[in-house]
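Subject: Structure handover and notes

Dear colleague,

Here is the structure that I promised to pass on to you. My notes follow below it, and I would be grateful if you read them with the coordinates open.

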Amino acid sequence: MLSRVLNNRNWLGLAFMLPTAVLLLLFLTYPLGLGIWLGFTDAKIGRAGEWVGLENYIYLSGDSVAQLALFNTLFYTFIASVLKFALGLWLALLLNKNLPFKAFFRSVVLLPWIVPTALSALAFWWIYDAQFSIISWVLVKIGIIDTYINFLGDPWMARLSTIIANVWRGIPFVAITLLAGLQTISPALYEAASIDGVTPWQQFRFVTLPLLTPIIAVVMTFSVLFTFTDFQLIYVLTRGGPLNATHLMTTLSFQRAIPGGSLGEGAALAIMMVPFLLAAIMFSYFGLQRRAWQQGGDK
């Protein structure tokens, strides 16, 4: 029987997928199911709770702090994702050229992505410190400002500061992935374009960008997902302050569930993120499906 199973491609494929399926069931499906269940209960830490239906969601939809966290999350995700894409694409195009020490620069670019998020956040915490900020010190010394900038004390300044930290950390992922995509584009296409008198901008617009679009779609999907669900950077930098100005749905969910003790409310906040994440995934999926030329078509 074992020999028959090993010689059957279908059974062998299932056998190879079984360990992964078990891991996904234990560490993904079960926590997701438990979170959905808790979102419909009034569970507290140390108390199982009772079924309350949509009560948590109705309360959160009218909660000013939850509404602010949703705005912060959308604003943070949109601005950071756009900046990471623009700067990452520019960096990928630059690293794709024949530069001296090209391999060294490609390795250095990866450092922000390799460094643990908590350490990056601590470094930015010192950079943004109200008393010891190196940025404020330099600006004061050269005479641009008179007093140190309170980067994390002003609501809008704190929002922009956390976005800058996220962009710094996320650019390497975008840049290296797009660079890998650029490596797959045949140089013959650029040579043919140059012979036809095409300008560098037209080469980018009509050669590079169309061929890079599938990679861009995948990269931006992951970038949006990583940014939307960011937790460590915000939690270490600001804890959601000042005045809840940098609270994302992830940090507010943690605050309500663990320090606040309202497991049901925290779980409901986490589940409310799912529609936005699914929307990002479906946008990328259908965007890729529309490009029939990827599957051998002419469009």
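Which residues does UniProt list for "domain: ABC transmembrane type-1"? The unreviewed entry gives residues 70-284, with the caution that UniProt positions are stated in the numbering used here, feature names are shortened, and annotations may be inferred rather than shown by experiment. In the model, that span is 74% helix and 0% strand, with its end C-alpha atoms 22 Å apart; helices (H or I, at least four residues) and strands (E, at least two) are DSSP runs, numbered from the N terminus.

Please keep in mind that this is a predicted model, in which local features need pLDDT of at least 70 and side-chain atom pairs count only at pLDDT 80 or more, while totals for chains, interfaces and linings use all residues. Residues are numbered from 1 along each chain as its sequence is written, and side-chain values use heavy atoms, with hydrogens and water left out.

Confidence

The mean pLDDT (the predictor's confidence in each residue, from 0 to 100) is 88 for the protein, and 95% of the residues reach 70 or more. Over residues 292-299, however, pLDDT stays under 50, and for this stretch the model has 8 contacts beyond four places in sequence, a contact being heavy atoms within 4.5 Å.

Residues 206-226 are 100% helix and 0% strand, with end C-alpha atoms 30 Å apart, whereas residues 233-254 are 50% helix and 0% strand, with end C-alpha atoms 14 Å apart.

The loop between α12 and α13

Most residues other than glycine have a negative phi, and most peptide bonds are trans. Against that background, the peptide bond from glycine 241 to proline 242 is cis, with omega near -5°, and proline 242 lies in the loop between α12 and α13. Arginine 239, in the loop between α12 and α13, has a positive phi of about 55° although it is not a glycine. Asparagine 244 also has its place in that loop, and its phi is near 65°, again a positive value in a residue other than glycine. Both count as partly exposed, a class that lies between buried (under 20% relative accessible area) and exposed (over 50%), computed with a 1.4 Å probe and protein chains only: arginine 239 is at 48% and asparagine 244 at 28%.

Why is α13 described as largely enclosed by the rest of the structure? The reason is that 7 of the 9 residues of α13 are buried, namely Met249, Thr250, Thr251, Leu252, Ser253, Arg256 and Ala257. What covers these buried residues includes α3 (55-61), α4 (64-95), α11 (200-228), α12 (232-237) and α14 (263-271). Threonine 250, for example, has a relative accessible area of 13% and, leaving aside neighbours within four places in sequence, is in contact with Phe228, Thr229, Asp230, Phe231 and Met273.

The count of salt bridges (a side-chain nitrogen of Lys or Arg within 4 Å of a carboxyl oxygen of Asp or Glu) comes to 3. Arginine 256 meets aspartate 63 in one of them, at 2.7 Å from N to O; this pair links distant parts of the chain, with aspartate 63 in the loop between α3 and α4 and arginine 256 in helix α13, 193 residues apart. Aspartate 63 and arginine 256 are buried, as is glutamate 265. By contrast, aspartate 42 and arginine 47, whose closest N and O atoms are 3.8 Å apart, are partly exposed, at 26% and 41% relative accessibility.

A nonpolar surface patch

Leu32, Ile36, Val274, Leu278, Ile281, Met282 and Phe286 form a nonpolar patch on the surface, with about 570 Å² of accessible area together. Patches are made of residues with over 30% relative accessible area and no salt bridge, like charges being joined within 9 Å and nonpolar side chains (Val, Leu, Ile, Met, Phe, Trp, Tyr) within 5 Å; the areas come from the Shrake-Rupley method with a 1.4 Å probe, and for residues only the protein chains shown count as cover. The elements that give two or more residues to the patch are α2 (9-39) and α15 (274-290), and α15 gives the most, with 5 residues.

With best wishes
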